[in-house]
Amino acid sequence: MDNLFILIFIPVVGALVLALTGKSASAKTLALLFPLLSLAYSLSFLFHFVPDASMQFEQQVPWISSLGIQFHVGIDGISLPLVLLTNVLVPLIILASYGRKYKGDFYALVLFMQAGLLLVFTALDAFVFYVGWEAALIPIYFICALWGGENRIRVTIKFFIYTFFGSLLMLIAIIYLHLQVPGHSYELRSFYQLALDAPTQGWIFWAFFIAFAIKIPIFPFHTWQPDTYTEAPSAGTMLLAGIMLKMGLYGLIRWLIPIAPLGVAAYGQLAIILAVIGLVYASIIAFKQQHIKRVVAYSSIAHVGLMAAGIFAWNVQGLQGAVIQMVNHGISVVGLFFVLDIIAQRLGTHDIKLTGGLAKPAPKLAAVFLIIVMGAIGLPLTNGFVGEFLLLVGIYNYGLWYAVFAGLTLILGAVYMLRLYQKTMLGETPEQNARFKDIAGTEVLVLGIIVLLVVGIGVYPKPLLHLSEAAVSQLINQVSLK
Amino acid sequence: MTDLIWIVPLLPFIGFLINGIGRNILGKPLIGIIGSGVVFVSFLLSCCLFSHVYDARQAGGDGAFTVPIFEWISAGKLSVGLSFMLDPLSSIMLLIVTGIGFLIHVYSIGYMSHDPGFGKFFSYLNLFIFFMLLLVLGSNYIVMFIGWEGVGLCSYLLIGFWYKNEAYAGAAKKAFVMNRIGDLGFLIAVFLIFTTFGSFEFSSIFPQAAGRVSGDGTLLLITLLLFVAATGKSAQIPLFTWLPDAMAGPTPVSALIHAATMVTAGIYMIARSNILFTLAPVTLQIVAGIGIATALLAAAIALTQNDIKKVLAYSTVSQLGYMFLGLGVGAFTGAFFHVLTHAFFKALLFLGAGSVIHAMSDEQDMRSMGGLKKKLPITYITMLIGTIAISGIPPLSGFFSKDEILAHAFVQNKVLWVLGFIGALFTAFYMFRMLFLTFFGEFRGSKEQAHHLHESPGSMTFPLIVLAILAAFGGLLNIPAALGGGEWLAHYLEPVFAASTAKTGEFHLEHGTEYALMAASGIAAIIMAIWAYGTYVSKKTVPVADGAERSLLSRLSYHKFYIDEIYDALIVRPLNKLSVFLYKVIDRAGIDGLVNGLGRTAEESGKGIRLLQSGNVGFYIFMMVVGVIALLVYGLIKI
């Protein structure tokens, strides 16, 4: 009954159906129906999940036997939150795009991407992982290139080549590992058992790290990100920032660190330093951005920097924090980009100077935006605090000074986020903004759900933390970097 | 009984939800009743809880009760419980927060009656009470931190309540960011505490800490970081500049948050952690030093301010400085006593100022006031009581609490006492200057303002009267033994500070010396009041216009020692410049330029083998899709 294949293939079927029905008027309804089905079905996994350290709902069939490729997938406490995140956010993102005139082809790409993401988060075979990794990239490329802003072509080509370059490095590493396994398998578990020497693990580290660092993105591999987030259509930005970047973070936890612990022992400190530099660097850049999407784009670099640092600190608190913060960041960033999309759609501009005073004509928008902003800057009793707190504890356990610099996010985050809020919502309402329409209908629904999640997880995070607790502890015990 | 403690913070939270959601549906009277009602019920419950602790103390117990609610965060060995602690210290804070909170809610019904944001205002006030109660009741540093940050949010919302004014919105942001600087200190301190003591719970940390030696390096670091947090929340050097700007908020907010409750959180937190500080004498010296420096600096600024709320704001900063001085010299009870009396008289003074502003059609400049005592008799009398109390003139409350702090300072370090004494002179002068400029002499405002002058409605004068009574008699709570008093507060709080007292020994001062100190400060305050009378009533001096020539000292004081300008030049503008530099030069031209350059090089070198390729990324991707689908199909067929 809880068949992981079905969970992964629901969106594929949906994508095919939508691609075929194409321009019909029912495309929107169908586009929501399939993700809702996925969501409902994933709840069954949630209810049947046993919160221990084991891999569950495993499915394994031979795929390309001659190459030793198995279609092997499964869920444990680390992947389940991300599977749920994907299946919660996709319908929300589709609902959030209801205001646009998208047809079946657009939604087909979104669903195809969803399948790729689910594959990445459940793969237990490196080849399946790689297929999912690329399968998620292709649709988002088209979404950005076909529906994006003015500079979309130049920007998305760069995005594609950049991330594809990273993927190739990873592919080389995967093939190398495959060849080292006795019997030539792509099994994750067989990769874990390889006891490679330190120099080999060193270059394996870099091959995976660069691939993931580009995707996340970690400084200085980040320059594709602000451009792409800015030029992508809003739904694309939400998919990229809300879910896709978690592929890279998840990859660190599931693939890079357990496969190349000696590599991490050698270069992990450098990775943390890069992540923390990126955090401070991106936060400061966010101070003066004039394009509202760019503020959140840079803030996202800062936030993922904190998560990456927490992961490389490699202790229970840091990793637990990273897992829950991946979920939290996904929820908050989708909310933020949706609010900005609403503003930009109605005002016809992304220029922070031309917004302002919107709290007067749109009090509901101002209220939900405030709650989401507070979540993003980690106010206690919002979701952001729980993750940020655990991450900082984890980083602190790694080293006091890392925590001090990473902790600057508390201050810097408040500066740029409150600036964004002030410049868009507060102040005198300019005449051209006086007739700004407050949120209504699906907008209220989407933002309402996001606000509930922000506060709900913030007040009672235990169930969510509980999902990953055992898996995280076991992973930390199993892979020692000391 | 104590099991029901969670209802105390829950009620204002429910009020927040009802008023927040129903702000446009419920009428103003109903919103006012709900908003004040929930706080009043919380107050009644707090009284019951207080009497419970009181009985326990009478029976010889320490009066501390811990009430766990649920486990909030857990990860590995780390576990944080949402859990409350009722003890003598928190029981008194409960009364202050809900009691004064209730009075200020009632006052707001009148004060905010013409404001279209009435419902929103009450919901924010209720939310504030909720977070403040969490701060006070937390049985561990994390729950305290929830409240700590939550009151910061409410402060942000209420300072920027009239958000259409860009400057007000800016003041709100400034307050939040400066508080966050302190909050980082708090968090790092908490991490250090956890790694040192393996717990966040007060009841587990303090006994362990008591076993350490004085001068312990870890404790030094922890206490310094906690003090950084306190300087943010309680507006001390160098993080005090947000508080005067916070006067942008409606006056009841200034009274409740920026005088009586939130800004004293730093003192509360240190008093709570007293054993950690007692064992870190270096930190205590810094606390005392920063405290007295802030007290003097702010008092010096208050001497020349003309905005009635600004005078009170700097006065608050200055009085908070006295409380830190008290903590620094080990007068934990004295510092907390001053928190208590200050809550009475400063809330009173702010609400009185609000009553004046209300009557003056939103005028805040004292140069346009004068002679108001006939038109606003109740406001005048109550503010007179508040002024005498804060000036340290016996037998009103401020005299006793300030005296206790200064007596400790005297024993510890005579220089601190002299400085504190000078600050007290300033205090008496600027407070009477404010009183005389506002209520005495001729009316200096416009005809229109004169026409509208009226005493405030009952909802506003009632809280004034209650607070005036408290400000007058609050000193009775802790009459020193030298005056034949029972030092009730000190005895009640004894278990909270017991571990510290055990380390430092009982405070001792000759009664004769104590009389002399009291007489000196009391008489000096009266002389300053007379001097202010001579200047502003007899000579009818009116402060000069903004642009007028000033002496150097007066200019420094009037321009607040240019501290905002210095911060702006040293921190804010360089950071903004850095932001632009990092973006344009490093990020765009530097890193991104390098990436693009690498891409172009690859493209150039690829031209040779391009013949087989179209150069169209879309085409490549199309081929990839075909490939992936082919693979999938291949796999499916095999299945």
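**Notebook: burial, packing and the A–B contact**

I began with helix α10 (residues 251-260) of chain B, where 10 of the 10 residues are buried, so this helix is largely enclosed by the rest of the structure. I took a residue as buried if 20 or more other C-beta atoms lie within 10 Å of its own, with C-beta atoms placed from the backbone, and helices as DSSP runs of H or I of at least four residues, strands as runs of E of at least two, numbered from the N terminus. The model is predicted, so I kept local features to pLDDT of at least 70 and side-chain atom pairs to pLDDT 80 or more, while totals for chains, interfaces and linings use all residues. Residues are numbered from 1 along each chain as its sequence is written, and chains are lettered from A in the order in which they are written.

In helix α15 of chain B I picked out L340(B), which counts as buried because it has 23 C-beta neighbours inside 10 Å. Leaving aside residues up to four places away in sequence, L340(B) touches I92(B), I96(B), G474(B) and L477(B), contact being C-beta atoms, placed from the backbone, within 7 Å.

Next I examined helix α8 (residues 217-233) and helix α11 (residues 265-272) of chain B, which pack at an angle of about 155 degrees with their axes 8 Å apart. That angle makes α8(B) roughly antiparallel to α11(B), the term covering angles over 145 degrees. L226(B), A229(B), A230(B) and K233(B) of α8(B) meet A265(B), G266(B), M269(B) and I270(B) of α11(B), and I noted that the residues of this contact divide into 6 nonpolar, 1 polar and 1 charged.

Turning to the chain pair, I found 49 residues of chain B in contact with 52 residues of chain A. On the chain B side, the elements giving two or more residues are β1 (65-75), α5 (141-159), α6 (166-197), α24 (563-606) and α25 (617-638), and the residues of that side divide into 31 nonpolar, 8 polar and 10 charged.

Last, I checked the domain assignment of chain B, which gives domain 1 (140-558) and domain 2 (564-604 + 612-638); the centres of these two domains, taken over C-alpha atoms, are separated by 53 Å.

Note on methods
Contact = placed C-beta atoms within 7 Å. Nonpolar A, V, L, I, M, F, W, Y, C, P; charged D, E, K, R; others polar. Domains from an automatic or database assignment. Axes fitted to C-alpha atoms, helices over the stretch in contact; angles between N-to-C directions. Parallel < 35°, antiparallel > 145°, perpendicular 65-115°, else oblique. Buried ≥ 20, exposed ≤ 12 C-beta atoms within 10 Å, placed from the backbone.
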